[in-house]
Amino acid sequence: MEVCLVEQQGKQDVITVQLKRLICHLESMRIAEYMELLERPGKLILINFIAGIARGLGIAIGASVFFAMVLNLLHQLILLNIPGIGNFVADIIHIVEMKNGKF
């Protein structure tokens, strides 16, 4: 009978250790904060709206900088006056500038 009690105590210790591990894991994942956020849908919508605006602005600014650098590189290629490439790049820059209204 004492052997059964020792085995039960050992199983409870294992369960307790696993339960403590689970609690620590859930706390590290910040599940409680997530659940609080889900209970307040207005705050969730506001946070996602602000995040969407930030992503959109980041993409727009990043794309603008990238394409400005590409156009600058193409302009530098024109100045090098490499046969064949220079005329092709000049045509591309002319098309882009016409679309932007610089001509």
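Accessible areas here come from the Shrake-Rupley method with a 1.4 Å probe. The model is predicted.

View 1. The chain exposes about 9,200 Å². Carbon and sulfur atoms supply 69% of that area. Of the 103 residues, 4% count as buried. The secondary structure comes to four helices and zero strands.

**View 2. The packing of helices α3 and α4.** Helix α4 covers residues 85-100. Helix α3 covers residues 41-80. The two pack at an angle of about 140 degrees. Their axes lie 9 Å apart. Angles over 145 degrees count as roughly antiparallel, and 65 to 115 as roughly perpendicular. α3 and α4 are therefore oblique to each other. Their crossing is left-handed.

**View 3. A nonpolar patch on the surface.** Eight names make up the patch: Leu-46, Phe-49, Ile-50, Ile-53, Leu-57, Ile-61, Val-65 and Met-69. Together these residues have about 820 Å² of accessible area.

**View 4. Phe-49, one of the patch residues.** Phe-49 lies in helix α3. The relative accessible area of Phe-49 is 52%. The cut-off for exposed is over 50%, so Phe-49 is exposed. Among the other members of the nonpolar patch are Leu-46 and Ile-50.

Technical notes
Residues are numbered from 1 along each chain as its sequence is written. This is a predicted model: local features need pLDDT of at least 70, side-chain atom pairs count only at pLDDT 80 or more; totals for chains, interfaces and linings use all residues. Side-chain values use heavy atoms; hydrogens and water are left out. Patches are made of residues with over 30% relative accessible area and no salt bridge: like charges are joined within 9 Å, nonpolar side chains (Val, Leu, Ile, Met, Phe, Trp, Tyr) within 5 Å. A salt bridge is a side-chain nitrogen of Lys or Arg within 4 Å of a carboxyl oxygen of Asp or Glu. Buried means under 20% relative accessible area, exposed over 50%, partly exposed in between (1.4 Å probe, protein chains only). Axes are lines fitted to C-alpha atoms, for helices over the stretch in contact, and angles run from 0 to 180 degrees between N-to-C directions. Angles under 35 degrees count as roughly parallel, over 145 as roughly antiparallel, 65 to 115 as roughly perpendicular and the rest as oblique. A crossing is left-handed if the near helix is turned anticlockwise from the far one by less than a right angle, and right-handed if clockwise.
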